[in-house]
Amino acid sequence: MVSLGVNRPYVVVLLIPTGIGASIGGYAGDAIPIARSIAAVVDCLITHPNVLNGAQLYGSASNILYVEGYGLDQFASGKWGLRPVHQNRVGLLLDQGIEPELRIRHLQAADAVRATLGVSMTDYALTDTPLDVGLHLSSSGAAWGTITNPDSLLRGAEKLIRDGGAEAIAVVSRFPDEPNSPSLQAYRHGQGVDHLAGAEAVISHLVVRTFHIPCAHAPALQPLPLDLDLAPRSAAEELGYTFLPSVLVGLNRAPQFITHSPLRPVDRIDGLWANQVDAVVVPDSACGGSAVLNFSHSATRLITVTENQTQMAVFPNQLQLPALRLNSYLEVIGAIAAHRAGVHVETLVSHLSSIKPIP
Amino acid sequence: MTTHFITAEINMQESVADLHQEISATLSNYGQPLRWAVTSVDAQQQTLALEAVVTTD
């Protein structure tokens, strides 16, 4: 007897915004174990580059979708869908401001990912002017950034798409070297905020907003001197000369965006849409982002993690967001597994009260 | 195109949908929003702190 599977896929979005000093996930891909664990109990995990990028190290699984933050916000709003792919041709855009030897290191990193991991890449491009990145730390303690020449970034991306046939863009920008700065020392020791993160997000957001294709960013920096107190959470970013491999691996299979307006009937069938998301997981103090607020309009369950502390101070109760507030990601994995199995988490206790009549 | 980092204070709204609209309206005064977040809530004043990067042509 053939059993027809009519189960609905269980889809989770994992959010750990970049540049907010998340104690888990705010360093060098240190949320990858969480992503891998959640992916093991769901059908599809959607998350963003900050979660999966560990410079030389990366997290990938056949059911994890690597979705850039701006694209994820549009997805959460219902405006864009996600169409999984087998692979993308990745175009590499290098900041003209990168000095020659460091540029060669990045090209060699790209060649390594092509030869050893089989990622498809177009010919690369240079921006026509240095991008000139500016870093800001706001009064909230979050890292933000601007770039002086965004048009040069967009011209370079357009060239890769038009002339190289790129279906995803990897951007590498020259960031300022500040080896002795207190914030970098704190970061290397697993504390504080990733000072570069805000600017990185702005760069990839610009490309996604303009061209509607997957994009991710890796900063170009000189290698740091040996630090005997390097924290495990930060160690992945000090293994080599670039941060590029994880970006290329992520973009290799990043889903394409469905942005047609009006939608075609096939888009609804082929694509993944926000109304199919069963749960969104976010640090408890970081509920003020676009994606969380969008999902709160829908049937998607909001699950927050109090152990993952951040510089933000927006808790679900302050915005009247119904949420399952759990202490740890271990509990989140359990709650998701239970929900997916049709088990109410409140029954997983040693004492359960009797059912009562409706008053 | 130019990128700008901006901060703003907005009033708490009755619903999340209204809050979203208020955020969009506030940011549109500065440019096209690229990335934004509500970073803190002042329960006494019933206001929210907003940080964002916007672009202008």
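A residue is called buried here if 20 or more other C-beta atoms lie within 10 Å of its own. Keep that in mind as we walk through this predicted model.

Let's start with chain A as a whole. By that cut-off, buried residues make up 52% of its 359 residues. Chain A has 11 helices and 16 strands, and its C-alpha atoms fill a box of roughly 75 × 50 × 35 Å along the principal axes. A compact globule of 359 residues would have a radius of gyration near 21 Å, and chain A agrees because its own value is 21 Å. How do the contacts run along the sequence? Take those between residues at least 6 apart: 73% of them join residues at least 24 apart.

Now zoom in on helix α5 of chain A, which covers residues 150–164. With 15 residues at 1.5 Å each, α5(A) should span 21 Å, and its end C-alpha atoms are 20 Å apart, so the two agree. Which of its residues are buried? They are P150(A), S152(A), L153(A), G156(A), A157(A) and L160(A). Just past the end of α5(A), G165(A) takes a positive phi of about 70°.

Finally, look at where chain A meets chain B. The contact takes 26 residues from chain A and 22 residues from chain B. On the chain A side, the elements giving two or more residues are β10 (143–147), α5, α7 (197–211) and α10 (290–295). The largest share, five residues, comes from α7(A). By type, the chain A side divides into 13 nonpolar, 11 polar and two charged residues.

Technical notes: Residues numbered from 1 in each chain as written. Chains lettered and ligands numbered in written order. Predicted model: local features only at pLDDT ≥ 70, side-chain atom pairs only at ≥ 80, totals over all residues. Helix = DSSP H or I, 4+ residues; strand = E, 2+ residues; numbered from the N terminus. Rg over C-alpha atoms; globule rule 2.2 N^0.38 Å. Buried ≥ 20, exposed ≤ 12 C-beta atoms within 10 Å, placed from the backbone. Contact = placed C-beta atoms within 7 Å. Expected span 1.5 Å × (residues − 1). Nonpolar A, V, L, I, M, F, W, Y, C, P; charged D, E, K, R; others polar.
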